[in-house]
Every structure is written in C-alpha cells, then in structure tokens.
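Hi everyone, thanks for coming.

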Amino acid sequence: MKDQFRRAAMSMSDNVAEGFEYNNNPDFVRFLTYAKGSSGEFRNKIIILQAANKLSQNDFNFLYDKCVEFSAKTKRFIDYLRDFELKKKKLKGKR
C-alpha cells in the first residue's frame, strides 16, 4: 500500500509536468485529466489507510483537503484551457 500511495501521489505531479512539456493545450488537458484521476486514486488510498488506522485523523484531514483542492483547481484549469481552445477555433473560423 505504501508504494501504491507514493505512486499515486507522484503520478499527479508527473502528469502535470509531462503534459506541460508537450507545449500544446489539447495534450496538456489530456495529462491534466490523468493527474486529476491520480488525485482520485490518492484520495481513495488515504481513505483506506485511515479506515485501517494507519493514518491519524489530522493527517487524513490535511491530505484529504489538499487532494480535493488539487482536484478542484485542476478541473478549473482544464475548463479554462478547453474554453480557450474553443475561443481560438472560433477566431480562426472568422478569418
């Protein structure tokens, strides 16, 4: 479980970094979506660890809140980038 917990946590930042390096919004959005999925996996792991009494309530609360915050901010960023791409396509269509 410890290794899965670490992999899920690392996957969040790894996917953000990898998507950014593609230098285009559609690929970045795809990898941000993967990062958001990893956030759900991480959140599930901390729920399991807390239920198994392997994580204190304070640590659980902190990690859970940070995970939800990451997921929400990532979703807003994805929505922003998708909206930006739609506006860009509309502008191209008017030329």
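This is a predicted model: local features need pLDDT of at least 70, side-chain atom pairs count only at pLDDT 80 or more; totals for chains, interfaces and linings use all residues.

Okay, so let's start with H3. This helix has 37 residues, and from its first C-alpha to its last it reaches 54 Å, close to the 54 Å expected at 1.5 Å a residue. Which residues of H3 are buried? They are Phe-60, Cys-67, Ser-71, Thr-74, Ile-78, Leu-81 and Glu-85. And what covers them? Part of that cover comes from H2.

That brings us to the pair. Two packed helices are described by the angle between their axes and the distance between the axes. Here, H2, residues 25–51, packs with H3, residues 57–93, at an angle of about 165°, and the axes are 9 Å apart. Angles over 145 degrees count as roughly antiparallel, so H2 is roughly antiparallel to H3. Their crossing is left-handed. If you sort the residues in the contact of H2 with H3, you get 18 nonpolar, 7 polar and 5 charged.

Is Asn-15 buried or exposed? Its relative accessible area is 12%, and buried means under 20%, so Asn-15 is buried. Leaving out residues up to four places away in sequence, Asn-15 touches Phe-31, Tyr-34, Ala-35 and Ser-38.

Note on methods:
Residues are numbered from 1 along each chain as its sequence is written. Side-chain values use heavy atoms; hydrogens and water are left out. Axes are lines fitted to C-alpha atoms, for helices over the stretch in contact, and angles run from 0 to 180 degrees between N-to-C directions. Helices (H or I, at least four residues) and strands (E, at least two) are DSSP runs, numbered from the N terminus. Angles under 35 degrees count as roughly parallel, over 145 as roughly antiparallel, 65 to 115 as roughly perpendicular and the rest as oblique. A crossing is left-handed if the near helix is turned anticlockwise from the far one by less than a right angle, and right-handed if clockwise. Ala, Val, Leu, Ile, Met, Phe, Trp, Tyr, Cys and Pro count as nonpolar, Asp, Glu, Lys and Arg as charged, and the others, Gly among them, as polar. Buried means under 20% relative accessible area, exposed over 50%, partly exposed in between (1.4 Å probe, protein chains only). Contact means heavy atoms within 4.5 Å. The expected span of a helix is 1.5 Å times one less than its number of residues.
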